[in-house]
Amino acid sequence: MIFFSNRGVASLRAPQLILWDTFHLPTSNNNRYQVILSVKARAYGKKTPSVCLCWDLNLRPHGSQPTSLTTRFSVARRIASNIHGFRSVQRTLCSNTGVKIPDLVSEKEPLAEPELAYDIPQYDIAIVGGGMVGMALACSLATMPLTKQLSVAIIDSNPALVNNFHIRKEDPPDPRVSTVTPATISFFKDMGAWEFVQQHRHAYFDKMQVWDYTGLGYTRYNARDVDADVLGCVVENKVLHKSLLSCIQNTDFQKTIYSSRLSSITFPVRSSMTSSSGTSSSASGSSARLELDNGNIMYAKLVVGADGSKSCVRELARIQTTGWKYSQSAIICTVEHAVENFCAWQRFLPNGPIALLPIGEKFSNIVWSMDPKESVDRNSMSEDDFVKAVNHALDSGYGPHPQSKSFEGGNVFSWLKADGTHEGFEVPPKVFKLASQRLAFPLSLMHANSYASKRLVLIGDAAHTVHPLAGQGVNMGFTDALCLSKVIAEGVAVGSDIGEVTLLKKYESERKAANITMMAILDGFQKAYSVDFMPINVLRALAFNGAQYISPLKRKIISYASGNKLLPLFT
């Protein structure tokens with residue numbers, strides 16, 4: 001038991017005095033206050049000994065004025081920092097064996113500012129990474145009845161999180177966009193975030209055309225094939241991010257945003273002692289300790305790594321990954337048409353696919369994958385030359401247009417068509433202007449070997465990255481966020497510790513299988529369309545025509561790409 005006073009304390013039982021430590025406290029005026037720490041202990045038979053931590057503070061050096069309250073409090077803080085070390089030797093103080101009391105403060109070492117549990121913020125959840133996926137998790141927690149009472153810390157150095165940035169309608173579209181699926185749209189609507197998306201530029205599309213440079217086949221997908229209104233919506237990343245932030249700000253969610261970077265995480269070795277009432281005797285004893293690069297410290301029952309493909313959380317937790325780099329880079333940019341585009345287009349070229357995605361107001365987004373050397377050349381060419389290259393790649397460059405009947409005497413798959421009509425091939429709208437800067441980045445596949453451990457979980461790109469050819473990466477991350485929020489809500493409902501690994505493994509078991517399946521499909525597509533070999537070209541043509549003319553298969557493909565968990569070939 002600790003009593004804060006200028007002069008030591010007396011034990012309630014007659015103790016013997018054991019010297020623990022003596023150190024000097026330096027001050028700004030070169031005075032050195034002597035602090036004597038001692039332990040008073042006495043054993044009473046087999047009973048637990050009475051132990052008191054005592055000190056004698058010489059707070060008025062010769063010729064000085066009485067010490068201020070601030071200095072006395074500083075001394076008290078430094079003494080209290082020794083309590084943890086005192087507890088570690090408490091059991092052996094009255095034993096018959098020799099006891100070596102550890103030096104808790106050394107005069108040779110600089111005195112560090114002590115860490116007091118009551119001074120350090122305690123959170124239920126710390127989300128490291130305030131990007132789209134991290135904010136989606138926070139927004140989902142803020143809007144679910146069982147989790148909206150949780151306290152959450154969001155750690156991200158992006159100043160936009162605290163500066164309340166605005167998006168002006170007259171601003172040109174940003175080249176960083178996402179194609180969100182109907183499942184993601186429903187997720188945003190359930191949270192109340194989609195209404196904010198609708199206040200800014202976005203583009204629904206109900207048709208999509210996919211073909212390759214050989215001209216042997218193509219597939220056109222239509223939302224009406226699955227009795228839906230849209231196949232997806234293309235939204236700028238900054239709009240999605242702002243919408244999630246606005247949604248959270250409209251709630252009374254207990255959140256704290258730290259504009260900083262994570263520097264270290266310490267996980268508890270063992271759980272803290274629990275009282276008979278079932279409450280923890282130390283709020284921080286069973287929590288993870290997080291230290292930021294600005295010196296801030298906090299405790300959290302659960303740490304969520306949502307900090308991207310180069311995740312600091314994943315690295316600090318020493319979670320291994322599996323993956324490889326593709327021999328491709330992607331160029332993204334915004335282009336402008338003479339007419340508005342309402343269809344998503346994708347053509348597979350010898351060096352990688354090129355996609356043309358509508359984003360509203362006669363603008364479209366280009367995602368063009370190619371080998372790294374070609375990306376350097378494309379990125380450095382003039383705007384006019386780049387526009388010509390885009391139109392060449394989307395039209396008849398590298399090969400002819402596919403025909404509605406790809407084989408002599410009719411299409412061999414046409415008899416499988418449920419109805420007697422199908423949509424013919426169309427040429428994408430011409431691009432006449434580059435409307436943004438061009439950005440290039442290397443492509444890779446990465447998958448974390450583990451998503452969850454005690455007090456830690458990974459979501460989004462921190463857990464997996466994929467090729468952008470189908471625009472599924474961010475949708476996988478949003479589904480991670482939705483699944484994790486539901487698992488946390490289940491834990492809260494039954495009174496479980498939300499950081500327990502048994503609870504978090506439920507999230508891992510559900511999402512890991514789904515993510516690996518999607519990654520395998522996308523990786524297979526990337527590899528299949530990276531080979532220019534006639535037998536492979538014919539097989540690709542058969543796949544295109546099969547998806548075009550076999551209606552049940554087409555519906556399954558659309559449903560799976562829209563966020564349905566059912567695989568197209570096995571259900």
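These are my notebook entries on one predicted protein model.

**Ground rules**

I number residues from 1 along each chain as its sequence is written. The model is predicted, so I ask pLDDT of at least 70 for local features and 80 or more for side-chain atom pairs, with totals for chains, interfaces and linings using all residues, and side-chain values use heavy atoms, without hydrogens and water.

**Overall**

I looked up the secondary structure and found 14 helices and 23 strands. Helices (H or I, at least four residues) and strands (E, at least two) are DSSP runs numbered from the N terminus. Of the 571 residues, 49% are buried. I take buried as under 20% relative accessible area, exposed as over 50%, and partly exposed as in between (1.4 Å probe, protein chains only). The accessible surface is about 27900 Å², and 54% of that belongs to carbon and sulfur atoms. Those areas come from the Shrake-Rupley method with a 1.4 Å probe; for residues, only the protein chains shown count as cover. I then turned to contacts (heavy atoms within 4.5 Å). Among those with a separation of 6 or more, 75% are between residues 24 or more positions apart.

**Cores**

I searched for nonpolar cores, meaning sets of buried Ala, Val, Leu, Ile, Met, Phe, Trp, Tyr and Cys residues joined through side-chain atoms within 4.5 Å. The largest has 73 residues. I125, F188, L244, L290, V304, F478 and L484 have the most contacts inside it. Helix 3 (residues 132-143) gives this core its largest share, nine residues. Another core, of 23 residues, lies apart from it and includes Y218, C333, A389 and A393.

**D124**

I placed D124 in strand 4 (residues 122-128). D124 is buried, at 14% relative accessible area. Leaving aside neighbours within four places, D124 is in contact with L150, S151, A300, K301, L302 and I498.

**Helix 9**

Next I read helix 9 (residues 372-380), where E374, S375 and R378 are buried. They sit on the same side of the helix, because they cover an arc of only 100° around the axis. The arc is taken over directions from the helix axis to the C-beta atoms. K373, V376 and S380 are exposed, on the face turned away from the buried side. Cover for the buried residues includes strand 15 (321-337), strand 18 (363-370) and helix 10 (383-394). At the helix start, a side-chain oxygen of D371 comes to within 3.2 Å of the backbone nitrogen of K373.

**Strand 10**

I checked strand 10 (residues 232-236) and found five of its five residues buried. G232, V234 and E236 point one way, C233 and V235 the other. I count two strands as paired if DSSP finds at least two bridges between them. Strand 6 (residues 177-180) pairs with strand 10 in the antiparallel sense over four bridges. S178 stands opposite V235 there. Strand 7 (residues 202-205) also runs antiparallel to strand 10, joined by four bridges. In that pairing, Y204 stands opposite C233.

**L542**

Last, I looked up L542, in helix 13 (residues 534-549). L542 is partly exposed, with a relative accessible area of 34%. L542 and Y218 are 324 residues apart in sequence, yet 9.5 Å apart in space, C-alpha to C-alpha. I had already noted Y218 in the core of 23 residues.

How values were computed. Polar contact = N/O pair within 3.5 Å; in protein donor to acceptor, adjacent residues only side chain to side chain.
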